[in-house]
Amino acid sequence: METLITPLQVLKTAFGDSEMLPPQTIAPADIAAAEERWIVPAIGRKLYGQLLAGADAEFCADYLAAPVALFTRTLVQPRLDIRTDRTGTAAPRSSYGQPANDDALRQQHRRLLQEARTLLRRATEYLRTHRADFPDYDPDDDPTARCTIESGIVLKS
């Protein structure tokens, strides 16, 4: 499965140094789902296909890697917050700590989405201001170019 970044890049970018997770924590399907949900609608399928093929690697690394990693984390974080085994689903507990409460989980989710959306807006703004370099980007197809909502405030471009 082709994606803009690797699972290891997600772990290095979206998780802190103290959040030691095995590489198999993130699957290529997790990244592909995040890209389909948030990146493709913003940059367009045609440009996305070119980026997957290796075009504009510098743009991808500088502008899209971080939002892809953060969006991927928002998708997998609920799976990390609970454990499922043959006896059912439970929140992990150890002698080192307890599971976060619902409020803390919601705050983390909102923070991750806000940071990822901000970085995606940065990427689409770069695409808009460098249209000659990205002829397959159509800002009319980009929902972030028309309207975004931040902290309950509707922002129009």
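Trainee: Which residues does Leu 21 touch, not counting residues up to four places away in sequence?

Mentor: This is a predicted model, where local features need pLDDT of at least 70, side-chain atom pairs count only at pLDDT 80 or more, and totals for chains, interfaces and linings use all residues. Residues are numbered from 1 along each chain as its sequence is written, and side-chain values use heavy atoms, with hydrogens and water left out. Contact means heavy atoms within 4.5 Å. With residues up to four places away in sequence left out, Leu 21 touches Leu 11, Phe 15 and Leu 80.

Trainee: How many Å apart in space are Leu 21 and Leu 80, C-alpha to C-alpha?

Mentor: Leu 21 sits in the loop between H1 and H2. Helices here are DSSP runs of H or I with at least four residues, strands are E runs of at least two, and both are numbered from the N terminus. In sequence, Leu 21 and Leu 80 are 59 residues apart. In space, their C-alpha separation is 9.8 Å.

Trainee: Is Leu 21 buried, partly exposed or exposed?

Mentor: Buried means under 20% relative accessible area, exposed means over 50%, and partly exposed lies in between (1.4 Å probe, protein chains only). The relative accessible area of Leu 21 is 31%, so the class is partly exposed.

Trainee: Which residues does Gln 77 touch, not counting residues up to four places away in sequence?

Mentor: Gln 77 belongs to helix H4. Its relative accessible area is 10%, so Gln 77 is buried. Beyond four places in sequence, Gln 77 touches Phe 15 and Gln 108.

Trainee: At what angle do H1 and H4 pack?

Mentor: Axes are lines fitted to C-alpha atoms, for helices over the stretch in contact, and angles run from 0 to 180 degrees between N-to-C directions. Helix H1 covers residues 7-14, and its axis is 9 Å from that of H4. The packing angle is about 90°.

Trainee: And what does that make H1 relative to H4?

Mentor: Under 35 degrees counts as roughly parallel, over 145 as roughly antiparallel, 65 to 115 as roughly perpendicular and the rest as oblique. With an angle of about 90°, H1 is, relative to H4, roughly perpendicular.

Trainee: How many nonpolar residues does the contact of H1 with H4 have?

Mentor: H1 brings Gln 9, Val 10, Thr 13 and Ala 14, while H4 brings Ala 66, Ala 69, Leu 70, Thr 72 and Arg 73. Ala, Val, Leu, Ile, Met, Phe, Trp, Tyr, Cys and Pro count as nonpolar, Asp, Glu, Lys and Arg as charged, and the others, Gly among them, as polar. Three residues are polar and one is charged. The nonpolar number is five.

Trainee: How many charged residues does the contact of H2 with H3 have?

Mentor: H2 and H3 pack at about 110°, with axes 7 Å apart, which makes the pair roughly perpendicular. Glu 35, Glu 36, Val 40 and Ile 43 of H2 meet Arg 45, Leu 47, Tyr 48, Leu 51 and Leu 52 of H3. Six residues are nonpolar and none is polar. The charged number is three.

Trainee: Why do the buried residues of H3 line one face of the helix?

Mentor: The buried residues of H3 (45-52) are Leu 47, Tyr 48 and Leu 51. The arc is taken from the directions from the helix axis to the C-beta atoms. Seen down the axis of H3, the buried residues line one face because they fall within an arc of 100°.

Trainee: What phi does Asp 56 take?

Mentor: Asp 56 is in the loop between H3 and H4. At 33% relative accessible area, Asp 56 is partly exposed. The residue is not glycine, yet phi is positive, near 50°.

Trainee: How many Å separate the C-alpha atoms of Asp 138 and Leu 127?

Mentor: Asp 138 lies in the loop between H5 and helix H6 (143-146). Its relative accessible area of 31% counts as partly exposed. Along the chain, Asp 138 and Leu 127 are eleven residues apart. Their C-alpha atoms are separated by 9.0 Å.

Trainee: How many of the contacts in the chain with a separation of 6 or more come from residues 24 or more positions apart?

Mentor: The chain has six helices and four strands. From the N terminus, the order is α-α-α-α-β-β-α-α-β-β. For contacts with a separation of 6 or more, the share from residues 24 or more positions apart is 66%.
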